[in-house]
Amino acid sequence: MKIRVLGSCAGGGLPQWNCGGPNSARSRSGELAPRTQPSLAISADGRRWSLLNASPDLRLQFASFPGLHPRPGTRDVPLDTVVLTSAELDHVMGLLVLREALSYRVLSTPWVRDAVLDHNAAWRLLEPAWGLLPLDRPVFLDREEVLEARFFPVPGKVPGYLRELAKPHPECCVGLRVTDLRSGRRLAFVPGVKILDEGTMAELRAADCRFVDGTFFTADELQALRPGAPDAFAMAHVPITGPDGSLPLLSGLSGRSLYIHMNNTNPVLDPASKEAERVRASGLEVADDGQEIEL
Ligand code: MLT
Ligand code: MN
């Protein structure tokens with residue numbers, strides 16, 4: 001399986017338009033590489049691709065990745081499936097970027113589809129392409145039936161824009177397991193998770209490569225910039241460090257572990273920071289825009 005990180009940052013990207021914090025300021029001055037919003041592309045053979053979440057930056061992400069360019073002289077884009085792990089705007093806004101043709105399939109849980117389509121009229125353009133995938137049910141992402149995917153439940157939250165409109169449900173925030181049936185090798189994708197409970201850890205342990213919520217390095221990271229801001233757990237993003245942090249749970253797992261969906265405040269976005277060094281010293285990685293992995 002081939003994996004390409006289309007975007008590694010959380011919603012807002014780096015720099016985020018309204019953020020004057022050190023990472024955003026340094027990325028504006030060219031000291032830190034800018035980053036786009038979170039999405040992965042995966043492929044069985046490097047010829048056709050599927051997306052894991054649809055970032056608002058898809059237009060740029062497609063333009064900078066030849067694997068997702070249309071065949072010369074045609075409108076034939078080698079895109080099979082777009083899988084959504086939640087209804088968060090940074091995971092679904094890219095669908096509107098892909099609205100000119102529905103030559104691919106969208107897959108989400110029934111909760112996520114209803115959440116997006118019932119409350120956001122513009123997204124109804126996508127309805128004809130939208131298939132349902134309940135939890136724990138296998139489906140092939142590709143036409144050759146090599147990449148088998150299934151959702152697993154993870155502790156999460158209802159997206160902020162639906163807080164008054166929808167009740168929490170096990171299907172509102174899920175992880176994705178993708179198995180390459182030729183090699184048996186497994187990818188786990190968990191870009192948003194409140195706490196690494198035993199069920200989530202079992203999925204992460206069983207994977208050969210895992211992408212995990214790296215939104216915040218510490219639980220109180222936002223409060224340093226904005227007093228009164230909620231902590232990481234209240235925002236349903238397990239912090240990397242501190243009590244119940246993800247780093248000690250992930251270090252020592254076999255295979256590769258990468259953080260994704262880093263908020264613009266996260267010090268690991270600077271590869272030269274001591275925090276990034278701590279992640280590397282624990283055997284983990286911080287995913288980078290454009291990074292490619294052969295699994
Ligand atoms: C999140 O990851 O918590 C959300 O995407 C935040 C948001 O509403 O943008
Ligand atoms: Mn997000």
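When I speak of a contact in this talk, I mean heavy atoms within 4.5 Å. Please also keep in mind that what we are looking at is a predicted model.

With that in place, let me begin with Gln291, which sits in the loop between β13 and β14, the latter covering residues 292-294. Leaving aside residues up to four places away in sequence, Gln291 touches Ile3, Arg4 and Val5, as well as Arg256, Leu258, Glu285 and Val286. Is Gln291 buried or exposed? Its relative accessible area is 17%, and because buried means under 20%, Gln291 counts as buried.

As for its polar partners, the side chain of Gln291 is joined to that of Glu285 by a polar contact of 3.5 Å, and a polar atom of the Gln291 side chain lies 2.9 Å from the backbone nitrogen of Asp288.

Let me turn now to helix α9, residues 274-281, in which the buried residues are Glu275, Ala276 and Val279. Why do these residues fall on the same side of α9? They do so because the arc they cover around the axis is only 100°. On the face turned away from that buried side, α9 carries the exposed residues Lys274 and Ala281.

Definitions and conventions. Residues numbered from 1 in each chain as written. Chains lettered and ligands numbered in written order. Predicted model: local features only at pLDDT ≥ 70, side-chain atom pairs only at ≥ 80, totals over all residues. Heavy atoms only, no water. Buried < 20%, exposed > 50% of the residue type's maximum accessible area, 1.4 Å probe, protein only. Helix = DSSP H or I, 4+ residues; strand = E, 2+ residues; numbered from the N terminus. Arc of directions from axis to C-beta. Polar contact = N/O pair within 3.5 Å; in protein donor to acceptor, adjacent residues only side chain to side chain.
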